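Please keep the sequence and the structure in view while reading.

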Amino acid sequence: MKVTLSALDTHESSFTPLVVIELAQDVKEETKEWLKNRIISKKKDGGAQLLFRPLLNKYEKETLENQNLYLVGASKIRLLLGAEAVGLVKECNDNTMRAFTYGTRHTFKGFDDDNDDFLTMAECQFIIKHELENLRARDEKMIPGYPQAKLYPGKSLLRRLLTSGIVIQVFPLHDNEALKKLEDSWYTRFTIKCQPTDSIRGYFGETIALYFGFLEYFTFALIPMAVIGLPYYLFVWEDYDKYVIFASFNLIWSTVILEVWKRGCASMTYRWGTLVMKRQFEEPRPGYHGVLGINPVTGREEPLYPSYKRQLRIYLVSLPFVCLCLYFSLFVMMIYFDMEAWALGLHESSGSEWTGILLYVPSIIYAIVIEIMNRLYRYAAEFLTSWENHRLESAYQNHLILKVLVFNFLNCFASLFYIAFVLRDMKLLRQSLATLLITSQILNQVVESLLPYWLQRKHHMQVKRKVQALKADIDATLYEQVVLEKEMGTYLGTFDDYLELFLQFGYVSLFSCVYPLAATFAVLNNLTEVNSDALKMCRVFKRPFAEPSASIGVWQLAFETMSVISVVTNCALIGMSPQVNALFPESKADLILIVVAVEHALLAFKFILAFAIPDKPRHIQMKLARLEFESLEALKQQCSVPFTHLWNLMPVALADTHSDCLAPTQQVKLATENLKEEWREGEKEKAP
């Protein structure tokens, strides 16, 4: 079946705005005109073929501020073609998940020529972002009006505009009606209920939905630990030998929940289509720089930076700096212990109730200092990782996560390890663990959600009063929305959210046999965390662009590593208990050997358990295998078509499929598919 597409109108004056581009106030007119032409130009001319208009018309610009705000949208056909280009996976009428193609659009469930809901708004905005980022320089040597902003063939125009300060920001708009519906089903009613992960995915994309899915799953997974730990805390506090059962349960629990999560994550992402979505070739990240050269893989011109220079920066600068920060963290920890000793001495000398309360003050101060140090170090880690000049965004994120995790782990848990294994003061360990856990949870709730929400509400009222005072005949609702959202903070991703859960997992699992009440506090915190994070996403930050994800990525490995460390710490703590030591009054070497043997046996059991639980459910494995089989069969059929048949008839096929809305490569692909189909039909007719 041949598919012929008509040209798209890129000059529609009225369209649904999906994305906002903010330019600097002093941008030259020739630059604006050049950018507009590149955005609305047809694909065959190197444009994005999107819809584009300023937020304000000429008359409104004379009356109002914010003249350099522009709205970007796209026609339905353009979005469908973009969905094919980015490789979106959708459910077909036969309930299988397949990569969407425009030519077979009617075979997908829910598609109708008159239906605009086939693609979610998050997917539409992701497509527009992809098209804008793939606007590349052709013959231009520089951005018009800015000779210092050099260009070379293949360079992403948007990334150059951002790094040159010409474009301030690009962000997707909220859909107020859809947002209100999402809020009503999500967090406005403070009741314990399941997260609407499918609705979150439809509005914010898979990465955000996976975080909230994991937060909900982790919270429910903590409930058994909280239920079992509560009676241990209330009735058998000093009987450490009885904590062997609790520590053993913790081992099985930490392994099972992570393996079961992988299975649930696979089911969700298969339903969303990201599990079978083909990985796109990674382009250089925006901040990557180097000498212009030819990439040996792509054959395209791009900056090249020697790997040895990056390694020198990592090992001669970044690594020593991280070690220095770790040393400073230990120095602050020793100051904390001096404060603890001072408070304890004061309490023993006076014995009053006030000095009893004072015993908790050093831990509270230390918990606040830890949070401040973590946030300051985060900025330094981001600067260093950017300075290392990693080519790919994935490499940048991996190095950043490694730096931050190492520092946060030592900063948050070093004092607890010191108390447990050097001071061997279990009473102080319980007190410090409780204070650090509760204080950090309260600080995170205030700093991440409540304070930004209060500031945002204050700014919202100022914008509302300003818009109401305007006498200009404008779309005040849209103007108010864009101006308000452009001033919102930018959501920097799920890094900090996962880091908070990672540290919480450490507090719960590392010293569970000493403070089993930690899981109870974690559950109580997460019940409010779900709502505060939802509030943050909907009302505090700009709407983030959707990012397809098939898992929680490197955080799965981080949680699994923490569970392994928890086995070692719990075995060591139980081995240090008076009851266990009483069994080996003469030979401590035997005790150490037995503890190490038990720890190794538990680790072996843990890894066997992880291996025995498949990462994907059986029905998902079968569906993936079926897709792989069909892909191989399709490849065989493609290879069976004679090359001479394609070569001889290609000019005619290209003429039949010619369309201004298709890039040359897409036209060739479409013509090739049509020729292959014609050849197969002819072969069927010849067959007896």
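The points below are grouped by topic.

This is a predicted model, in which local features need pLDDT of at least 70 and side-chain atom pairs count only at pLDDT 80 or more, while totals for chains, interfaces and linings use all residues. Residues are numbered from 1 along each chain as its sequence is written, and side-chain values use heavy atoms, with hydrogens and water left out. Helices (H or I, at least four residues) and strands (E, at least two) are DSSP runs, numbered from the N terminus.

- An open sheet of four strands has the order 2-3-1-8, and its pairing is antiparallel; two strands pair if DSSP finds at least two bridges between them.
- Strand 2 (51-54) and strand 8 (167-172) are at the edges with a single partner strand each, so one side of each has no neighbour in the sheet.
- From one strand to the next, the twist averages 20 degrees, where axes are lines fitted to C-alpha atoms, for helices over the stretch in contact, and angles run from 0 to 180 degrees between N-to-C directions.
- Strand 2 and strand 3 (residues 69-73) run antiparallel and are joined by four bridges.
- P54 has Y70 in strand 3 as its bridge partner.

- Buried means under 20% relative accessible area, exposed over 50%, and partly exposed in between (1.4 Å probe, protein chains only).
- The residues L179, L182, E183 and W186 of helix 6 (residues 176-186) are buried.
- Viewed down the axis of helix 6, its buried residues fall within an arc of 100 degrees, so they line one face of the helix; the arc is that of the directions from the helix axis to the C-beta atoms.
- E177 and K181 are exposed on the other side of helix 6.
- Helix 7 (residues 197-204) is mostly covered, with six of its eight residues buried; among them are I200, R201 and F204.
- G205 follows helix 7 and has a positive phi, near 100 degrees.

**Salt bridges**

- Side chains of opposite charge can pair when their charged atoms come close.
- A salt bridge is a side-chain nitrogen of Lys or Arg within 4 Å of a carboxyl oxygen of Asp or Glu, and a search of the whole structure finds 25 of them.
- K32 and E29 form a salt bridge (3.5 Å, N to O) through their side chains.
- Both K32 and E29 lie in helix 1 (residues 29-40), three residues apart, about one turn of the helix.
- K32 is buried at a relative accessible area of 13%, whereas E29 is exposed at 57%.
- In helix 6, the side chains of E177 and K181 meet in a salt bridge (4.0 Å, N to O); the two residues are four apart, about one helical turn.
- K262 forms a salt bridge with D615, and their closest N and O atoms are 3.3 Å apart.
- This pair links distant parts of the chain, 353 residues apart: K262 is in helix 9 (residues 243-272), and D615 is in the loop between helix 20 (588-612) and helix 21 (618-640).
- D615 counts as partly exposed, with 37% relative accessibility.
- A network of salt bridges links K90, E123, R201 and E206.

**Nonpolar surface patch**

- Y308, L312, Y315, L316, V317, L319, F383 and W387 form a nonpolar patch on the surface, with about 860 Å² of accessible area together.
- Patches are made of residues with over 30% relative accessible area and no salt bridge, like charges being joined within 9 Å and nonpolar side chains (Val, Leu, Ile, Met, Phe, Trp, Tyr) within 5 Å.
- Accessible areas come from the Shrake-Rupley method with a 1.4 Å probe, and for residues only the protein chains shown count as cover.
- Helix 10 (307-350) and helix 12 (361-387) each supply at least two residues of the patch, and the largest share, six residues, comes from helix 10.
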